[in-house]
Amino acid sequence: MFSARERFLDTNENTGQVQTHSNLKYRFRLNFYDTPPIEDITIEEFETCALDRLRVLAEIESSFARNRPYDELKTITLAQCQKYLPLHSSSAITVDTDAERRKDHIGHFVLRLAFCRSEELRRRFVKAETALFRIRYESDDREERGKFLGSRDFDWIKVSDGERKVYKEQLAAAAPTAKEVNVDNENYYKVKWTRVPDLVEKRRVFLKGGYAYVPSREQSSIVFQEFQTSLTKALEMTAKALPRLDEDTRIVPILNNLSQGFLAGVSSEWSTASSTEGDGITADMVEDLARRHFPACMRNLQETMRRDRHLKHFGRWQYGLFLKASRWVLGLPIEEAIAFWRKSFSNIQEDKFNKEYRYNIRHLYGLEGKRANYPAKSCTQILTTDQPGSSDSHGCPYRHFSADNLQTALLSMYSSQGLTAADLPEIMNTVKAGHYHVACTRVFEITHASRGVKKGEGVGDGESVTHPNQYAARSRELERGKAEAAKAEADGDVVMG
Ligand code: SF4
């Protein structure tokens with residue numbers, strides 16, 4: 001998969017040797033990714049391994065954008081890992097741990113290729129990967145983690161008993177709380193102070209002669225810093241080697257798609273076509289559903305169409321595929337779609353509609369043209385492709401509206417669902433930082449608070465919005481849940497909280 005030069009560049013710095021597949025063993029759950037996978041893998045595997053990893057990293061990135069406390073970030077990341085990137089400890093005998101670790105290994109290296117291409121992408125990738133490593137490190141089996149640490153040379157020097165006694169007072173002074181002052185029973189390790197900038201910044205280590213004296217309880221800081229430094233270096237080297245890949249027409253489009261993944265997370269519908277089976281909604285239901293369940297991008301299209309009795313090409317494409325998609329409910333059947341568009345384009349003569357628009361709608365459903373089963377657009381696609389001009393209404397309001405227009409639109413769309421002017425500063429700060437789907441997620445939480453959604457819960461399990469259909473589906477699900485609970489109560493059933 002990687003050339004001999006790339007293998008050399010990524011080789012284990014500690015041994016200075018290129019590892020081959022025959023001695024590349026997944027002995028540990030934790031991985032510093034010193035050596036790339038050098039076996040043959042298919043393009044599908046290349047993409048799947050990377051997408052599943054990106055789902056986890058994108059959620060970590062969203063958590064940073066939302067300033068989630070570390071414990072919350074950890075809980076959400078562990079749940080995402082469980083779903084997309086499970087890594088069991090070596091003692092799990094019923095699980096193919098080698099397959100799990102191979103997937104983790106391949107996914108990491110594919111994403112290196114995608115995220116090495118600009119300084120900004122490298123910085124975000126390293127931050128998210130280091131957080132993932134830390135969470136796995138902290139949740140690792142203690143004994144296994146010890147063996148993993150023993151397998152690497154972290155270049156730390158154990159402080160002798162004599163030296164510890166000499167600096168006892170200074171070592172005790174560096175402990176953050178009195179509870180942690182037990183210099184006699186603590187092991188200390190010396191490393192160059194530049195390797196633990198976080199501990200130096202927080203004044204949690206004693207500094208002497210260019211060395212930081214790190215207590216064993218803070219040893220993990222050295223490990224995380226080492227992971228971060230070596231990944232940063234490796235990404236820079238990969239970036240230098242990358243230009244030769246530019247001619248590969250199979251891989252480059254995949255890498256381009258992957259590097260967009262941080263912009264709005266990765267939707268589960270990323271590469272899946274949607275079918276036309278589904279929830280079976282009808283043309284008459286759309287307007288009401290839009291008002292109650294659609295995200296801002298689709299509400300804007302619905303409202304523009306109601307006002308203008310028309311939508312331009314990209315707007316029809318975005319909205320039509322959204323209404324058609326069934327994987328995350330809706331699933332407007334073709335006959336209903338034609339009825340819906342016909343009714344909505346009420347200023348257009350029957351002849352013109354049949355000639356110009358009926359064909360387009362059938363095309364969306366794969367019944368004309370190249371008969372493709374086009375999937376609904378994810379947030380990433382809406383945010384990054386077919387940029388709208390000033391007279392267009394497709395796109396994502398959080399990204400494509402001016403700040404003033406966005407605030408006015410949000411209040412007009414969602415004030416009946418609980419959004420107030422007081423909520424806007426928080427939303428606008430997130431928009432300003434470029435985290436559009438995070439702003440959309442916050443609006444979802446606010447407008448579904450009456451259905452029990454709390455801040456930080458996102459569209460479920462802390463997940464952010466990554467697809468307009470996921471937003472609408474979750475909204476409908478919450479409404480059904482509430483209706484069922486109300487019915488059960490009316491029927492006299494006991495509803496457990
Ligand atoms: S973030 Fe996604 S779902 Fe929300 S408005 Fe933008 S494109 Fe639509």
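R371 is exposed, with a relative accessible area of 56%. Keep in mind that this is a predicted model. R371 sits in the loop between α16 (350-364) and α17, and its phi is positive, about 55 degrees, although it is not a glycine.

**Positive phi in the loops**

- R203 is another residue other than glycine with a positive phi, in this case near 55 degrees.
- To find R203, go to the loop between α9 (197-201) and β3 (206-208).
- Is R203 buried or exposed? With a relative accessibility of 71%, R203 counts as exposed, because the cut-off for that label is over 50%.

**Around the ligand**

- The residues around the ligand are P295, C297, C379, I382, C396, Y398, H437, C440, V465 and P468.
- Which elements give two or more residues to this shell? They are α17 (379-384) and α21 (436-447).
- By residue type, the shell around the ligand splits into nine nonpolar residues and one polar residue, with no charged ones.

**Helix α5**

- Helix α5 covers residues 119-138, so to speak a run of 20 residues.
- From its first C-alpha to its last, α5 reaches 28 Å, close to the 28 Å expected at 1.5 Å a residue.
- α5 is also mostly covered, with 14 of its 20 residues buried.

**How α15 meets α16**

- Two packed helices are described by the angle between their axes and the distance between the axes.
- For helix α15 (residues 334-344) and α16, the axes come within 11 Å and cross at roughly 135 degrees.
- That angle makes α15 and α16 oblique to each other, because only angles over 145 degrees would count as roughly antiparallel, and 65 to 115 as roughly perpendicular.
- As for handedness, α15 passes α16 in a right-handed crossing.

**I222 in helix α10**

- I222 lies in helix α10, which takes in residues 219-241.
- I222 has a relative accessible area of 1%, so it is buried; the limit for that is under 20%.
- How far apart are I222 and W156 in sequence and in space? They are separated by 66 residues along the sequence, while their C-alpha atoms are 8.8 Å apart.

Definitions and conventions:
Residues numbered from 1 in each chain as written. Predicted model: local features only at pLDDT ≥ 70, side-chain atom pairs only at ≥ 80, totals over all residues. Heavy atoms only, no water. Near = heavy atom within 4 Å. Helix = DSSP H or I, 4+ residues; strand = E, 2+ residues; numbered from the N terminus. Nonpolar A, V, L, I, M, F, W, Y, C, P; charged D, E, K, R; others polar. Expected span 1.5 Å × (residues − 1). Buried < 20%, exposed > 50% of the residue type's maximum accessible area, 1.4 Å probe, protein only. Axes fitted to C-alpha atoms, helices over the stretch in contact; angles between N-to-C directions. Parallel < 35°, antiparallel > 145°, perpendicular 65-115°, else oblique. Left-handed = near helix turned anticlockwise from the far one by under 90°.
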